[in-house]
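Work through the exercises below with the structure open. Try each task before you read its solution.

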Amino acid sequence: MKIAKDSVVSMDYELRLADDEVIDSSSGGEFSFLVGHENIVPGLESELLGMGVGDKKDVQVQPLLGYGTRDESKVIAVPRNVLPADFQIEIGLPLELEDEKGETFPVWIAGVNGDDVVLDGNHPLADEVLNFSVSITEVREASATEIAHGHVHGAHGHDHGDDHSGHDHSGHSGHSH
């Protein structure tokens with residue numbers, strides 16, 4: 001079976017930045033995603049279409065098809081006291097904020113400025129060229145439930161009993177990441 005929309009792909013990958021530093025990887029076919037449902041960055045997903053088990057490929061993804069370009073208007077400072085008193089501020093920690101419409105969006109703690117915590121709505125890999133080396137380990141048809149939910153269930157996918165953490169840099173978008 002070849003990779004197409006609504007197929008589940010398991011793969012090994014290595015992600016390097018321009019300086020050749022490996023910042024993320026998987027092995028043993030432990031990373032799985034549902035094609036066509038924004039589970040990974042579009043620049044990688046489009047390059048995997050038509051591949052099959054055993055195929056390998058190096059893919060370079062430019063920022064617009066990866067994590068986007070930086071937008072300084074997405075950097076905001078909020079008073080420290082709006083966060084829970086026992087909240088541990090950790091640079092790079094992802095959070096989800098809710099807008100006035102009730103929609104959530106991801107931000108990352110970028111720093112502390114006096115009594116304010118600086119939050120950045122840009123993904124930490126915004127502006128980065130992403131260099132993936134991938135090896136396809138499994139391709140299967142998605143179940144109706146997986147398609148309805150928009151993500152993989154089971155061994156290497158999403159488990160509704162977990163805490164939604166543990167997502168990696170391979171491009172999980174709104175669902176996590």
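**Exercise 1. Find the aromatic pairs and classify the one formed by Y13 and F31.**

Step 1. The structure holds two aromatic pairs. Rings of Phe, Tyr and Trp (its six-membered ring) pair if their centres lie within 6.5 Å; planes under 30 degrees apart count as stacked, over 60 as edge-to-face and the rest as tilted.

Step 2. The ring centres of Y13 and F31 are 5.4 Å apart, and their planes meet at 75°, so this pair is edge-to-face.

Step 3. Y13 belongs to strand β1 (residues 7-16) and F31 to strand β2 (residues 22-34); the pair links distant parts of the chain, 18 residues apart. Helices (H or I, at least four residues) and strands (E, at least two) are DSSP runs, numbered from the N terminus.

Step 4. Y13 and F31 are both buried. Buried means under 20% relative accessible area, exposed over 50%, partly exposed in between (1.4 Å probe, protein chains only).

The model is predicted: local features need pLDDT of at least 70, side-chain atom pairs count only at pLDDT 80 or more, and totals for chains, interfaces and linings use all residues. Residues are numbered from 1 along each chain as its sequence is written, and side-chain values use heavy atoms, with hydrogens and water left out.

**Exercise 2. Trace the sheet that contains β1 and β8.**

Step 1. The sheet is open, with four strands in the order β2-β1-β8-β3 and antiparallel pairing. Two strands pair if DSSP finds at least two bridges between them.

Step 2. β2 and β3 are the edges. Each has a single partner strand, so one side of each is left without a neighbour in the sheet.

Step 3. From one strand to the next, the twist averages 25°. Axes are lines fitted to C-alpha atoms, for helices over the stretch in contact, and angles run from 0 to 180 degrees between N-to-C directions.

Step 4. Count the bridges between β1 and β8: there are 10, and the two strands run antiparallel. Y13 has V134 in β8 as its bridge partner.

**Exercise 3. Which residues touch the most other members of the largest nonpolar core?**

Step 1. A nonpolar core is a set of buried Ala, Val, Leu, Ile, Met, Phe, Trp, Tyr and Cys residues joined through side-chain atoms within 4.5 Å.

Step 2. The largest core has 23 residues; M11, L44, L48, L130 and F132 touch the most other members.

Step 3. Two or more residues come from each of β1, β2, α1 (42-48), β3 (56-61) and β8. β8 gives the largest share, five residues.

Step 4. A second, separate core has eight residues, including V78, L83, I109 and V117.

**Exercise 4. Describe the surroundings of N122.**

Step 1. N122 sits in the loop between β7 (116-120) and β8 (130-141).

Step 2. Its relative accessible area is 3%, so N122 is buried.

Step 3. The N122 side chain reaches the backbone nitrogen of D71 at 2.8 Å.

Step 4. Beyond neighbours within four places in sequence, N122 is in contact (heavy atoms within 4.5 Å) with T69, R70, D71, K74, V75 and W108.

Step 5. Follow W108: it stands opposite D120 in β7.

Terms used
Polar contact = N/O pair within 3.5 Å; in protein donor to acceptor, adjacent residues only side chain to side chain.
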